[in-house]
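Could you walk me through this structure in plain words?

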Amino acid sequence: MSPHRLVPESLALLTEGYAWLPDLMRAEGDTSLSLRVVGRRALVLRGPEAVRFFYDEDHVRRHGALPGPVLSTLFGHGAVHTLDGDAHRHRKSFFLPLLETDAVTGSAEHITAAWDEAVPSWRAQPDVVLFDATARVITRGVCRWAGVPLTEDEEEPLARDLLAMVDGFATAGPRHWRARRARTRQERRFADLVTDVRSGTVQAPADSVLDRVCHHRDASGAALTPRIAAVELLNVIRPTTALSWFVAFAAHALHRWPEHKERLRSGEAGFATAFAHEVRRFYPFAPFLGGQAVTDLTWHSRHVPAGGLVLLDVYGQNHDERLWKDPYTFRPERFLDHPPGRDELIPQGGADPRTGHRCPGEAMAVGILETLSQRLADLSYEAPPQDLTIPLNRIPTRPRGGMIIRVLA
Ligand code: HEM
């Protein structure tokens, strides 16, 4: 096989989705790959050792690596995701308190309370699209926890915009334009909120996420502009609401393998955590991560010149049989026997979140997914006939019908 493929790979990504890099790796019989992506040389890699290589700032930088359409929808221009070195470390320090137990338990408590408030209204409806209903629950809970004021009327439009920003980042056409409009609208609204807090018109609860973003200073010592503060505030609220994808997947898993319901209900030590990890490993969400080679790089005899792309095959690594026995079997027990190694399970990035780009919301994501999976197992509902397929050529994907449930009295 030729070392550098010349097929229009951006097109392959759009048509093949999550299977794109794993299929190429399989054809190569290897854990790394050289190819061209929109005319640029690229190195693709996976595995715990590759994770450490990828997260070494002497090898890969993020600035200039993320395409404009991804920034205009998913992350926001000027976001922490795009920074390197000192600028990154300073900005990241705003997010690091999310790793603390207070944030993990506090956010989960607020979101679980919002779930409990919503359940009676679900009973009154014939059918509930769990994906959409969960987004509304999480939006209410995370805003309360973060100190962001939100009236009941504002909940649904905000939840819809937050989902749209994630849903439209990897596609052209109407989903993408909806995502851009959603981001423009919410960046404006959150920037106004920051301005109001700074002027004293709105009170932010002391030490809340809202309070902290208004006072955060960058490496230069300057306060964040209202727009950048809005971008980073959204980088807490938006991905938390994106947990709706994992909750829909958790419901899908409980539908296909209902034996896990009893173990979730029983409160068995460690099982809910193992279940949350397996949902994050098994189901597709982030396909891969990308950066730019700082210098000419060689990985396992494959080369990429300075300025070329380096892609970490996230979905492929989470299903690599060298790391996971029977990778396509949903088996939470694997994490009871063996808690995930730092650089093995990487649905939210790898290496150390304190120094690199790994997701600072990972512990929150696991905590929220644990409690909402338990709530789901406790809920009395049936799933009416619906399309449960999860198309792998759609990024991000989910059960086609959004997991429709009928909540019983
Ligand atoms: C649905 C659950 C989530 C998924 C799948 C997810 C996934 C990811 C991934 C793949 C990255 C990129 C890592 C890298 O570039 O190396 C990331 C970064 C990030 N995530 Fe998450 N995340 C989730 C939830 C959260 C939550 C709940 C928060 C905050 C409360 C959060 C905040 C962030 C931030 C701020 C970054 C950028 C970090 C940096 O560049 O230093 N995420 N996330």
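Four helices each put at least two residues into the shell around the ligand: α5 (85-95), α11 (226-241), α12 (243-256) and α17 (362-378). Keep in mind that you're looking at a predicted model. Which helix gives the largest share of that shell? It's α11, with four residues. There are 25 residues around the ligand, and the ones that come nearest are Pro-239, Gly-349, His-357, Cys-359 and Gly-361. Sort the shell by class and you get 16 nonpolar residues, seven polar ones and two charged ones.

Now for the helix pair. Two packed helices are described by the angle between their axes and the distance between those axes. For α4 (residues 68-75) and α9 (residues 174-199), the angle is about 55° and the axes are 8 Å apart. Because of that angle, α4 counts as oblique to α9. The crossing of α4 past α9 is left-handed. On the α4 side, Pro-69, Ser-72 and Thr-73 do the touching, and they meet His-176, Ala-179, Arg-180 and Arg-183 of α9. By class, this contact holds two nonpolar, three polar and two charged residues.

Last stop, the sheet. Strands of a sheet pair through backbone hydrogen bonds, either parallel or antiparallel. Here you'll find an open sheet of three strands in the order β4-β10-β9, with antiparallel pairing. Two bridges link β9 to β10 (residues 404-407) in the antiparallel sense. If you look for the bridge partner of Glu-382 in β10, you'll land on Arg-406.

Technical notes:
Residues are numbered from 1 along each chain as its sequence is written. This is a predicted model: local features need pLDDT of at least 70, side-chain atom pairs count only at pLDDT 80 or more; totals for chains, interfaces and linings use all residues. Axes are lines fitted to C-alpha atoms, for helices over the stretch in contact, and angles run from 0 to 180 degrees between N-to-C directions. Angles under 35 degrees count as roughly parallel, over 145 as roughly antiparallel, 65 to 115 as roughly perpendicular and the rest as oblique. A crossing is left-handed if the near helix is turned anticlockwise from the far one by less than a right angle, and right-handed if clockwise. Two residues are in contact if their C-beta atoms, placed from the backbone, lie within 7 Å. Ala, Val, Leu, Ile, Met, Phe, Trp, Tyr, Cys and Pro count as nonpolar, Asp, Glu, Lys and Arg as charged, and the others, Gly among them, as polar. Two strands pair if DSSP finds at least two bridges between them. A residue is near a molecule or strand if its C-beta atom, placed from the backbone, lies within 6 Å of it.
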